[in-house]
Amino acid sequence: MHPVFLLLVHADPQQVRRLIRLLVPFGPCIVHVDAKADRKAFQIDHLDVTYVDDRVNVHWAGISQVSATLCLMRAALAQCDPSRVSHFVLLSGSCYPVRPLEELSAFLSNNQGVNFIKQMPLDSAPELDSRVRHLWFYEDFPVDGRRFTRTRLLRGVLQLVGKFARRSLSLIPRWHVGSQWWALTPEAVSYLATFLHESQVKRFLRFSKAPDEIYFHTLLAHSPLRHTVESVSGGGVWDAANLHLIDPSLSRWFEASDYEEVVSSGKWFVRKVSTQSSGELCTRLDGHRTVVEEFGLQTAQPASGESRPPVDEE
């Protein structure tokens with residue numbers, strides 16, 4: 001049994017290629033390159049690396065994130081033999097392994113049938129509930145960095161109006177939220193990729209905030225597989241992280257000075273890293289994994305920490 005790595009990428013081709021080269025000895029990589037980006041820049045010629053042809057123009061916090069992830073799922077199911085797959089692991093190009101990937105592969109093989117996708121009820125906190133209760137317009141008026149643009153102004157005006165809306169949530173009994181980055185069993189991926197009411201749920205979530213952190217969690221919470229996912233409490237998606245170290249700001253890029261924090265977290269991956277900000281950190285992590293592998297050292301357990309308010313990625 002082995003994992004299959006699903007990658008959503010859109011920028012920093014050098015970092016993405018570095019990540020893929022680390023992953024592919026341990027499992028096939030299925031890569032979705034944002035339709036806005038040049039796919040050739042991310043290309044690696046390897047039999048176990050597949051690039052999705054049906055690409056989506058992805059917008060931050062928009063429903064297109066869900067569509068791109070579903071494209072990855074379907075491509076992976078068509079490409080791989082599910083009977084030989086322990087888990088499908090969703091990553092971005094700015095994720096990077098902290099612990100040895102041999103350990104990850106063994107860990108997932110020893111936990112077949114467990115879906116690593118923690119979830120929290122949206123109605124457990126007003127900030128979470130507002131993601132679907134009010135109207136958001138990230139898909140139709142997308143984020144374009146931090147620059148002030150007419151699109152950003154119009155989106156801001158519409159979202160101000162949208163805060164007065166109180167949508168009925170009767171489509172699904174109870175909505176859930178969690179981290180976008182998970183590891184799911186073939187059974188769970190097949191269920192999500194063939195869900196009969198996909199278009200209806202996606203249509204509703206088009207006007208929600210970050211539906212990729214809602215769609216999959218909610219469907220699994222009401223599926224025959226609900227006993228295989230973990231419910232947690234918290235105030236943000238970092239409290240429902242699965243395999244990743246995620247900073248509560250959601251916008252922090254980890255650097256070399258963060259090495260001890262990253263290693264002591266006990267997590268399998270760190271998010272976020274980049275060629276520009278994190279080259280030295282990634283090199284040190286490569287060395288850390290090599291030392292652990294050669295000497296059979298015990299890796300650290302996750303450290304506890306206080307939650308902080310999130311910062312919008314715009």
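Predicted model: local features only at pLDDT ≥ 70, side-chain atom pairs only at ≥ 80, totals over all residues.

Reader: Which residues does Phe216 touch, not counting residues up to four places away in sequence?

Author: Phe216 is one of the members of the largest core that touch the most other members. Leaving out residues up to four places away in sequence, the residues that Phe216 touches are Val66, Thr69, Leu70, Met73, Ile117, Trp182 and Leu192.

Reader: Within what arc do the buried residues of helix 1 fall?

Author: An α-helix has 3.6 residues a turn, so residues three or four places apart point the same way. In helix 1 (residues 13-23), the buried residues are Gln15, Val16, Leu19, Ile20 and Leu23. The face turned away from this buried side carries the exposed residues Gln14 and Arg21. Viewed down the axis of helix 1, the buried residues line one face of the helix, because they fall within an arc of 135°.

Reader: Is Ser208 buried or exposed?

Author: Ser208 belongs to the loop between helix 7 and helix 8. Beyond its neighbours within four places in sequence, Ser208 contacts Ala61, Arg131, Val132, Trp136 and Arg167. A residue is called buried under 20% relative accessible area. Because its relative accessibility is 1%, Ser208 counts as buried.

Key
Residues numbered from 1 in each chain as written. Heavy atoms only, no water. Core = buried A, V, L, I, M, F, W, Y, C linked by side-chain atoms within 4.5 Å. Buried < 20%, exposed > 50% of the residue type's maximum accessible area, 1.4 Å probe, protein only. Contact = heavy atoms within 4.5 Å. Helix = DSSP H or I, 4+ residues; strand = E, 2+ residues; numbered from the N terminus. Arc of directions from axis to C-beta.
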